[in-house]
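Please read them with the structure open beside you.

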Amino acid sequence: MKVTLNVNGEGRELDIDPRTTLLDALRNHLDLTGSKKGCDHGQCGACTVLVNDRRINACLALAVMHEDDEITTIEGLGQPGALSPLQRAFVQHDGYQCGYCTPGQIVSAKGMMSEFDLGWPSNVSDDLTAIPDFSRTEIRERMSGNLCRCSAYPGICAAIEDAAPEEGLKNTKAAE
Amino acid sequence: MTEHLKMDKVQPRMLDETGQGAIHKPMTRPEGPLKVSGTATYAAEWSLPNMAEGVMVRAAITKGTCEIDESSVKDMPGFVGIYTDRMVRNSAQGTMGTNPVQPEGEVHYLGQPIAVAVAETLEQARDIAQSLAVKYTPADGAKTVMDDSTEFEDDDDPVDMGDLDKAMSEAAFSIDSLYTTKPHNSSAMEPHAAVADWEGDRVILRGSLQMLGFNKNELADSLGIDVSNVRILSPYIGGGFGSKLGISPECVAAAVASKKLGRPVRVVLHRNNVFEMITLRTETRQRMRLACDADGKLTAIGHENWQTNLPGESMAEPVDVATHFLYGGENRRYGQHIARLNRSASGAVRAPGEAVGQLGLENAMDELAEAAGIDPIEFRVRNIPEKSPESGLPYSSNALAQCLQEGAEMFGWSGRKGPKERLEGEWYLGMGVASAARSNILMESRANVTLNPDGTALVQTDMTDIGTGTYSILGQIAAEMLGIDPSKVTVELGDTDLPEASGSGGSWGAASAGSSVFLGAKGIRTKLAERLGCSPEELRLQDGVATGANNRRPLAELMDGPITEEGHIEPGSTSNDFEQAGFGAHFAEVAVNKVTGEVRVRRMLAAMAAGRILNAQTARSQVWGGQIWGIGTALTEEIQHDRRTGHIVNNDLAEYHIPVNLDVPDLDVHFVDERDDQSNPMQIKGIGELGLSGAGAAITNAIYNACGVRVYDYPATPDKIFPHLD
Amino acid sequence: MKPFDYIRATDPAAVQQAGGRIIAGGTNLLDLMKHQIETPATLVDVTRLEMTEIEQSENSLRIGSLVTNSELAAHETVRRDYSVLSRALLAGATGQLRNKATTGGNLLQRTRCPYFYDTTQPCNKRAPGSGCQAMEGANRILAILGASDKCIATHPSDMAVAMRALDARIEVESATKGTELLTMDEFYVLPGDNPEVETVLQQGDLITAVHLPAAPAGRQSYRKVRDRSSYAFALVSVAAIVNTEGGKITDAALAFGGLAPRPWRDSGVEEVLIGEAPSEALFDKAADVLVADAKGHGDNDFKIPLARRTMKAVLSELTGVS
Ligand SMILES: Cc1cc2nc3c(=O)[nH]c(=O)nc-3n(C[C@H](O)[C@H](O)[C@H](O)COP(=O)(O)OP(=O)(O)OC[C@H]3O[C@@H](n4cnc5c(N)ncnc54)[C@H](O)[C@@H]3O)c2cc1C
Ligand code: SF4
Ligand code: FES
Ligand code: FES
């Protein structure tokens, strides 16, 4: 089946089996292997990509269902030599070890920030109607969809906090 | 030339003399930019021209034989082939170096690999694998549970010193408790994967493997070919934790299929396959018997364990390994009993032995301290022996007391109260402590080090970096020894065509591979000293300039071309003449919900003594990893087997609960400054597993301190706690 | 995954015509299709349909079935007036999954029973008549209420539990019956002898929306007990809306997750509470009613006392009785 995917600002034409997930389309057909496959069933977050700015698990998405969407992968955030603030902060704070969950963590963090921008609450928000705090606990809850078996969570949180201003995080109490 | 050292005697502390400042300090990882941008290439990410895709087929019965009916899938779109030849039953045990069991049509456990389905695309291969008709002939006598009626194989030579029973009955205080732990899965985030391709008779395997020197032999043996015809590439590995010590079924399957087809084949394990086909940590039962006199001096230690494995597997979890040397006491007894079950094979998972053994030991120590009415830290300190209590060997270094005491101070231990004395809303709060100990090991290892006149250097070895920071520290060691900035060093790893290293496992990687790089660089220093006309001891190298014998010359002037030296380390008599181990202390504060029994860890501190620390940042990350694994072992991680079929019920990451970000509070890590002269020429000790040893016990001891519920059956899920609360 | 024909629906009629399996967020269906637990021959993508709005009227809220779990949880009115729903949604899954998961799909997600998930194992729900391997197997996460001797699966949704307490009604468009509004009681079917049947929906029926009545009076709470602090299904969950006036409970709505094949609600529990002054003894009486017919199957026995404790704690929280 013919589909056009808009990935990192570029239209890419593909002829794929309708069964192909967005993740496999990226990894096996577009040579964008930055998005990782840890479980293939929505249980780890390694495959996190942005679709129209929202983070999702690419392993539980069919490529053919995302024809008109804007897809952003880790490769679209920055490359060696031109890393994004989040990517730089992950290096600086050792927000990884083996690196396998890392692209998913970073893309997820990016998506999380835009959720903060929208003022979305989380399960640890005390007051559902208030602007959420950009606190450690909030970050931890919101990043809990990205497993890291190397257990780099402390570095991941530190990196996210550090990069937030440069990533342009708005609309949080911290930014007020 | 080779600079060789057999570690028979103490070496000078060279790294305290060199002045480059490339080690000790925190340093970011050189491969970091590749990892954060998704451009580091892991095994499954090699895309070779005309590559076919393979998917493993798992057995649907517990025991018996199977026959594959290829005709059932032959006409499916994209079909390329079904292969069963040489299929291995499970991943190889660490450092085995030979083929895993190849059962040839027999099934020994549910979930065993029995075939690989190969097709043009992944989607097709997956469908074919799931559609393949298999005729099973079940056999009687499958064993699937370890309980009182199980038959056990006993170890031949259990230690039995003094008279444990007598000491127990005569003691002022004693405890006799049974602890159980459930099986654990490594759950490295990268599933095992292999891309095989043949160049004539030589197979090139891109895999996700920790110990290439052993792995090439395992693969050669499994395929029945000469090891010279195996090349393995493993430059990036998405975590190992023991699960990638030995080759796994997809390596052999990909190699066999690729050979038959004459084209590259990629096989990636599905996450369910990872749970079933890769060795996991056995469940354990541990009987702890401890006794002490009125002053709180241990008189007796008994640590007996029961565990399981598949028939034919050599590995046994060394549950009591640290109990042998951690505390004193004259009367000591051990014993190991293995049940042979038709369930996924047991093998090494991070800190085999200590990870579970210290749950039993360190909880029992807490129980006895309480019985004797002594503070748990004081109780432990009182029982640190002068010499290793069974072998009589001196410790190479032992800073346990310092770790306990400095840690207690930093953690605010004096604020600790008794069970149910601190209540915050619905939450009981409490603190716990546990000692950490992990044997330190040196393995044979080789590396080539090349220094170029322009002040750049190259390190080459078949060592791996599974996330532990090998790329960083090998570069730092070379930089420090050669007096150049670490950014000038390129480190090439993970290729069996390079000099053979120890591999990553047993926390020996940094010491072993690191020492080989140290030695290679030392060889280069000798040559430079000669050229400068000074003794190697006099030579100073810093920022690309050599100084010595009143001479000062930039490297470029001193060298007319690259200098390459091989470093070669071998363990020697210091390994036998000393009890070598890393020591430490874990502290935890937890909150226990009095309604639901849910436990949340509030904070943790690890005070660690692991010799010289090469890179404070990557070392701290390793300890964080240990602490967080401690949270998992204490609270959430548990493989559940079906009692009738033995199959793993929670064979995925939704139901096998590794800690998530929110489970992890602020973690502190404190390194006690130390040099271990007996360990290796760099005076370092392993850190990766020390951080896990005892970590879970600090948490369960804190649970007891919070709410008065002692966890005997790990993990401490809510259902284990709330029934004991009012 | 079995091959399928992919159809992108442009209007509801096309869905009915296609007669295939509906896919929305895909977070449950694709998971199951990869295991070949679900093997639809035709997949009807409904994500281009106009069902993405949350419409507010004086005394109701109409939630389009494609509204994602994230959007619904973050919706201003929901956060303010239906906080139990917002909380339940936020307690479920992860940020990534909630961004994809839809309201309709969430209602229809299937059980996490491990034997249902393993196609080598017997399971009456997946393969009718093959037996229930969970009954005497690993059933720690399975049901203690509303189950049958054929199946003890639980419905894993958090969202649906809150909706049950909120008296939500499900808007269904079917070829045969036109548009219907079903209570959740009418919508979900208990397993009985046919655990493969979970709802009254027929092939091609489309959930178009969920309706919530006017915001209830009183305080709301959602409490979820689970094995890890996030990214885990409920062992037990309680959605509760309780109103007290003049020292008496005037209204109570309690629904439970993790206990039964559908979001569980027992009017008997509420009857015990309504009209009475809140007290520990009263909560005990209500808990007795809740678990009167509860049946454990070994591993999940603990859910009986856990459900009691959790319910009582939620009632204490909402009424201020300790
Ligand atoms: C790892 C993991 C953890 C999770 N944890 C939780 C949790 O803690 N709590 C929780 O509540 N949920 C949890 N979920 C489940 C998640 O909430 C559901 O998968 C999701 O809500 C399903 O919505 P969807 O739109 O993706 O459904 P789909 O997968 O698209 O569809 C599910 C079913 O609904 C049908 N369907 C969808 N839309 C319609 C419609 N409009 N009309 C008729 N039929 C329709 C489909 O045919 C299919 O049968 C988890 C999921 C995963 C993978
Ligand atoms: S409980 Fe239901 S879903 Fe689980 S095995 Fe039994 S029949 Fe299948
Ligand atoms: S690979 Fe998608 S969530 Fe794990
Ligand atoms: S860095 Fe290895 S899993 Fe996160």
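1. What radius of gyration would a compact globule of 176 residues have, and what does chain A have? The rule for a globule gives a value near 16 Å, and chain A has 16 Å, so the two agree. Here the radius of gyration is taken over C-alpha atoms, and the rule is 2.2 Å times the number of residues to the power 0.38.

2. A word on conventions before going further. This is a predicted model, in which local features need pLDDT of at least 70, side-chain atom pairs count only at pLDDT 80 or more, and totals for chains, interfaces and linings use all residues. Residues are numbered from 1 along each chain as its sequence is written, while chains are lettered from A and ligands numbered from 1 in the order in which they are written.

3. On confidence, the model scores ipTM 0.98 and pTM 0.98. Chain C has an average pLDDT of 97, with 100% of its residues at 70 or above; pLDDT is the predictor's confidence in each residue, from 0 to 100.

4. Back to chain A, which has six helices and five strands. Both are DSSP runs numbered from the N terminus: helices are H or I with at least four residues, strands are E with at least two. Read from the N terminus, the order is β-β-α-β-β-β-α-α-α-α-α. The C-alpha atoms of chain A fill a box of roughly 50 × 35 × 30 Å along the principal axes.

5. Of the 176 residues in chain A, 65% are buried. Buried means that 20 or more other C-beta atoms, placed from the backbone, lie within 10 Å of the residue's own. Among chain A contacts between residues at least 6 apart in sequence, 62% join residues at least 24 apart; a contact requires C-beta atoms, placed from the backbone, within 7 Å.

6. How is chain A divided into domains? The assignment gives domain 1 (2–77) and domain 2 (85–163), with bounds that come from an automatic or database domain assignment. Their C-alpha centres lie 21 Å apart. Across the boundary, 16 residues of domain 1 of chain A are in contact with 14 residues of domain 2 of chain A. On the domain 1 side, β3 (48–51), β4 (54–57) and α2 (74–77) of chain A each give two or more residues, and β3(A) supplies the largest share, three residues.

7. Chains A and B also meet, through 49 residues from chain A and 48 residues from chain B. On the chain B side, the elements that give two or more residues are α1 (32–36), α2 (122–131) and α15 (616–636) of chain B. Of these, α15(B) gives the most, with seven residues. This side of chain B has 23 nonpolar, 18 polar and seven charged residues. In these classes Ala, Val, Leu, Ile, Met, Phe, Trp, Tyr, Cys and Pro count as nonpolar, Asp, Glu, Lys and Arg as charged, and the others, Gly among them, as polar.

8. Chain C has 13 helices and twelve strands. The C-alpha trace of chain C spans about 60 × 50 × 35 Å along its principal axes, and 59% of its 322 residues count as buried.

9. Finally, which residues come nearest to ligand 2? Of the 15 residues around ligand 2, they are C:Cys113, C:Tyr115, C:Cys123, C:Cys132 and C:Cys151; a residue is near if its C-beta atom, placed from the backbone, lies within 6 Å. The shell around ligand 2 has eleven nonpolar, three polar and one charged residue.

Notes: Contact = placed C-beta atoms within 7 Å. Buried ≥ 20, exposed ≤ 12 C-beta atoms within 10 Å, placed from the backbone.
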